[in-house]
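I opened the notebook to look up a few local features of one chain. My entries follow in the order of looking.

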Amino acid sequence: MRVDAGGALMRMPDLRSAVDRHALSACLLFGAIGALLLRQDASWDLRNYHLYNVWALLHGRLTIDLAAAGLQSYFNPLLDLPYYLLGMGPLAHLPRLLAALQGLWYGGMVFVLLRIAMRLADLQGRAFGAGDLFAVLIGATGTMTVSQVGLSSNEMPLAMLVLLAVYLLLPLCAEDPVERAAQRVLLAGLLCGLAAGLKPTAIVYSPALACALLVACVGRAGTWRLCLLFVAAASGGFLAVYGWWGVKLWSLTGNPVFPMFNQVFHSAWLPPVSGTDIRFLPKTAGQWLFYPCYWVFKNQWLVTETRFADPRYALAMAALAVLAASAWFRRKQAAAGGRALRLLAVFVVLAYVAWLRLFSILRYVIPLEALTGLLLLLAIQALLAVAGKGRSSRSWLAWCMAGIFLMSVYCSHYPSWGRADYADTVFNVRAPAVEPGSTVLLIGQPLAYIIPFIGNAESSQFIGLTSFNQHAGNYRLNALVRERLHSHQGPIYALLESNVASGAEALQQWLPGAQFAGQCEVVSSNLHNRRYDDANLRLCRVLQH
């Protein structure tokens, strides 16, 4: 059968779509299998607030309970809804399936990263090769990325949204005008805004990407208009998913992002402090300037709670230095490739600086970790161009990227956030009932995930006695706690870990003279961290004198 050139060209988009479908299926399968093998989420955050916050939302507990999960009690619960509803509903007895579904976020993120690599190759006017694939693998196997696969901490969907926004903006770096540029910018801004609204730790990416777009397209007509469209869409996306929650917090506490940034909003509930976790901020000039170099070797409590090591960030910092020098000395590089490079480099640098100043908690920068391989690829391309490697550059590039990939995996120490073996049910928690109308004190963290499984929980109130209260001092939050305890006429219980003596000491600070009555009842859980034989949870009746 004769096929003309026009017919062949017409079928090329269909072939590309088929390749994309197969790649997407492979990536999703990879994510699902990875999450399944890593086992079920039993992380501190899950046990502290990811389950409780959704239960509290569905049962209207915002004005009933008081900081049951500490300061995290007031985080937007929207992104936690799917995991909770599936785990407590249709997939309650299918924990492996739930874990596999949660791994799809990772698979989706890897696919978007793959598409970014393919787009970069197109902008550089070359075919996608083995070097590009290894660049994707370097980013996809980072320590924070892999350790978060399948977890309910929701870092993976945020990373996918942010990287998808980057992908949407890359065509604007092409030499020829891009059709529907405004639509691309609006959608990219919306995705970044949604990520920030769902979890405000992603707030650093919207301004960084807006500035990167401005720098990448500087000198082009309409660039400022596109940047303003991006900012407007990002603001709209943020308000769409966070606005309703901000209104609730404002009405209750006077701070729409309570308990964060109270030095700005001055809620009477807390002292005028930021509320952000500053434990991981750089502490020396060397750390401020070269923090990624400190992560190459095994460390703990530097930028994360668990022990880890990862050379990717330091390598990416070196790659950025190479790219900056190359851009300075080689002014005649291809316009499209140069603009794409500026978009990625400026985005990574600005997002990193904002993250460094606000958080310095490494799992919040998974989008940047995912891009480390591509930055290394671009830097090695620049070095090979300087070295005059012509036709052999592709093989050199592939071997260099393969070596870096193997070295990165070998030198990485992957952290563990808490996993559990699969049980008969996703949340195999057995807790005794309390009398209707009770007040239950949660002494310590993480305990709030037990609340949905306590009998008569919906007719009781739950009050957290945690470090959050200690930092609240004599402000409104603690005044409310004391008012409720002293005015409560019904039964009082305390939920605590096995160290009853320590719990009794904490109880005295709030109810002087109170004591635990008789034998406390054990709470069993497949998610509890049993590092010690007696590390059980207990629900104790409290007697007042």
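The entries below go from confidence to surface, helix, peptide bonds and backbone angles.

**Ground rules.** I am reading a predicted model, in which local features need pLDDT of at least 70, side-chain atom pairs count only at pLDDT 80 or more, and totals for chains, interfaces and linings use all residues. I number residues from 1 along each chain as its sequence is written, and side-chain values use heavy atoms, with hydrogens and water left out.

**Confidence.** I looked up pLDDT, the predictor's confidence in each residue, from 0 to 100. The chain has a mean of 90, and 93% of its residues reach 70 or more. Over residues 1-10 the pLDDT is below 50, and beyond near neighbours in sequence this stretch has two contacts in the model (heavy atoms within 4.5 Å). Where pLDDT is low, the predicted coordinates should not be read in detail.

**Surface.** I found a nonpolar patch of about 300 Å² made by Leu-94, Leu-97, Leu-101 and Leu-104. A patch takes residues with over 30% relative accessible area and no salt bridge; nonpolar side chains (Val, Leu, Ile, Met, Phe, Trp, Tyr) are joined within 5 Å, like charges within 9 Å. A salt bridge is a side-chain nitrogen of Lys or Arg within 4 Å of a carboxyl oxygen of Asp or Glu. Areas come from the Shrake-Rupley method with a 1.4 Å probe, and for residues only the protein chains shown count as cover. Leu-94 sits in the loop between helix 3 (81-88) and helix 4 (95-102); helices (H or I, at least four residues) and strands (E, at least two) are DSSP runs, numbered from the N terminus. Its relative accessible area is 42%, so Leu-94 is partly exposed (buried is under 20%, exposed over 50%, partly exposed in between).

**Helix 8.** I checked residues 155-169: these 15 residues reach 22 Å from first C-alpha to last, close to the 21 Å expected at 1.5 Å a residue. The expected span is 1.5 Å times one less than the number of residues.

**Cis bonds.** Phe-258 and Pro-259 are joined by a cis peptide bond with omega about 5°. Pro-259 lies in the loop between helix 11 (223-253) and helix 12 (262-265). Gln-445 to Pro-446 is also cis, with omega near 0°, and Pro-446 is in the loop between strand 4 (439-443) and strand 5 (461-465).

Is Ser-360 buried or exposed? Ser-360 is buried, because its relative accessible area is 0%. Its phi is about 55°, positive although Ser-360 is not a glycine.

Terms used: Buried < 20%, exposed > 50% of the residue type's maximum accessible area, 1.4 Å probe, protein only.
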